[in-house]
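Welcome! Please take a moment to look over the sequence and the fold below, and then we can walk through them together.

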Amino acid sequence: MVNYNPKDWLTFIFKFHKSDTFRQLLPMMIVIGVYSATICYLEISYWKLSESSHVKNLTLMHTTVGFVLSLLLAYRTNTAYDRWWEGRKAWGSLVNNSRNLAIKLSAILSTDADRAFFRKAIPIYASILQKHLSNEESSKVLFEELNLQIDQHNHRPNQVAKALFHKLNSLYKSEKISGYQLMVVNAELQSFTDVCGVCERIKNTPIPYSYSAFIKKFIFFYIMTLPFGFVFSLGYYVVPVVIFIFYVLASLELIAEEIEDPFGGDANDLPTKKIAENIKKQVEELL
């Protein structure tokens, strides 16, 4: 995730980050510029269309359609941001519940061996969930001290949650914790699976294809028809104007595409690896 100072305007305006949409759209912007210049040449110098040509009235269509397009893009961006923010809230809940579980266990458990198990196992759940969501393989080295074997082909977070609950259940059977204490920590353990479910729902349910494809086609045909009408009032200045309009509209779509899956490796995705490392540090301090 990109760290920045929101008050530093000059940096935003004049610095192009590697994830900036300008870099990604530059080839297409050049193509749009050449296309617009070609239309200008054909209408002004080759066809020599007059001011009374009906082609000039195409700007009326752009005024109406542009309003509809702005509504679609606003909804598209808001929907993508909602997914990003919901993912962040889910990981925030995982942080809080990991702390709460560690705090309660630090008071309940009396032996160092039991504390050591949870000191290692609780952060492992966050680490495994991060790898699960980003489709990374998990190293077996992490689990040797816990005698925990993770099957890469099955649901990995569930395997860790199962090991955590089995350990608590064995402590209950050996009367190291009471039934009431088991119920007290059960809520935090259950929340781990709830967080995993929320994150999987976001990751596995993308924006419907037809909706995303329609917006891209809408933007494309809107931009392709812009030079025809505006060339009469702007002349060759229509080239930078069309390029700028394309940059604004296409950038909104690119931003929405990037943040709608917040668990990937893009520059603006959630820092789940760093959050998992913070959970490990804090749980180790508590236990």
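## A first look at the fold

Read along its sequence, the protein chain follows the pattern α-α-α-α-α-α-α-α-α. That makes nine helices and zero strands, where helices (H or I, at least four residues) and strands (E, at least two) are DSSP runs numbered from the N terminus. This is a predicted model, in which local features need pLDDT of at least 70 and side-chain atom pairs count only at pLDDT 80 or more, while totals for chains, interfaces and linings use all residues. Residues are numbered from 1 along each chain as its sequence is written, and side-chain values use heavy atoms, with hydrogens and water left out.

How confident is the predictor? pLDDT is its confidence in each residue, from 0 to 100. The mean pLDDT of the protein chain is 86, and 88% of the residues reach 70 or more. Where pLDDT is low, the predicted coordinates should not be read in detail.

Of the 287 residues in the protein chain, 39% are buried. Here buried means under 20% relative accessible area, exposed means over 50%, and partly exposed lies in between (1.4 Å probe, protein chains only).

## Following helix 3

Helix 3 runs over residues 58-108. At 1.5 Å a residue, its 51 residues should span 75 Å, and its end C-alpha atoms are 74 Å apart, which agrees. The expected span is 1.5 Å times one less than the number of residues. Helix 3 also has a kink of about 25°, centred on Val65; the bend at a residue is the angle between axes fitted to the seven residues ending there and the seven starting there.

## Charged pairs

Side chains of opposite charge can pair when their charged atoms come close. A salt bridge is counted when a side-chain nitrogen of Lys or Arg is within 4 Å of a carboxyl oxygen of Asp or Glu. A search of the whole structure finds nine salt bridges, and the table shows three of them.

| Pair | Closest N and O atoms |
|---|---|
| Arg76 and Glu253 | 3.3 Å |
| Glu188 and Lys104 | 3.1 Å |
| Lys176 and Asp114 | 3.5 Å |

Let us start with the salt bridge between Arg76 and Glu253. Arg76 lies in helix 3 and Glu253 in helix 8 (residues 238-259), so the pair ties together parts that are 177 residues apart in sequence.

Next comes the salt bridge between Glu188 and Lys104. Glu188 sits in helix 6 (residues 179-204) and Lys104 in helix 3, so this pair ties together parts that are 84 residues apart in sequence. Glu188 is buried at 8% relative accessibility, whereas Lys104 is partly exposed at 27%.

Finally, there is the salt bridge between Lys176 and Asp114. It links distant parts of the chain, 62 residues apart: Lys176 is in the loop between helix 5 (156-173) and helix 6, and Asp114 is in helix 4 (residues 112-133). Lys176 is partly exposed, with a relative accessible area of 46%, while Asp114 is buried at 5%.

## Loops and surface

Most residues other than glycine have a negative phi, and most peptide bonds are trans. Which phi value does Asn135 have? The phi of Asn135 is positive, near 60°. Asn135 is in the loop between helix 4 and helix 5, and at 60% relative accessibility it is exposed. Glu175 also has a positive phi, of about 65°, although it is not a glycine. Glu175 is found in the loop between helix 5 and helix 6 and is exposed at 70% relative accessibility.

A nonpolar patch on the surface is formed by Tyr41, Ile44, Tyr46, Trp47, Leu49 and Tyr236, with about 650 Å² of accessible area together. Patches are made of residues with over 30% relative accessible area and no salt bridge; like charges are joined within 9 Å, and nonpolar side chains (Val, Leu, Ile, Met, Phe, Trp, Tyr) within 5 Å. Accessible areas come from the Shrake-Rupley method with a 1.4 Å probe, and for residues only the protein chains shown count as cover.

Notes: pLDDT = per-residue confidence, 0-100.
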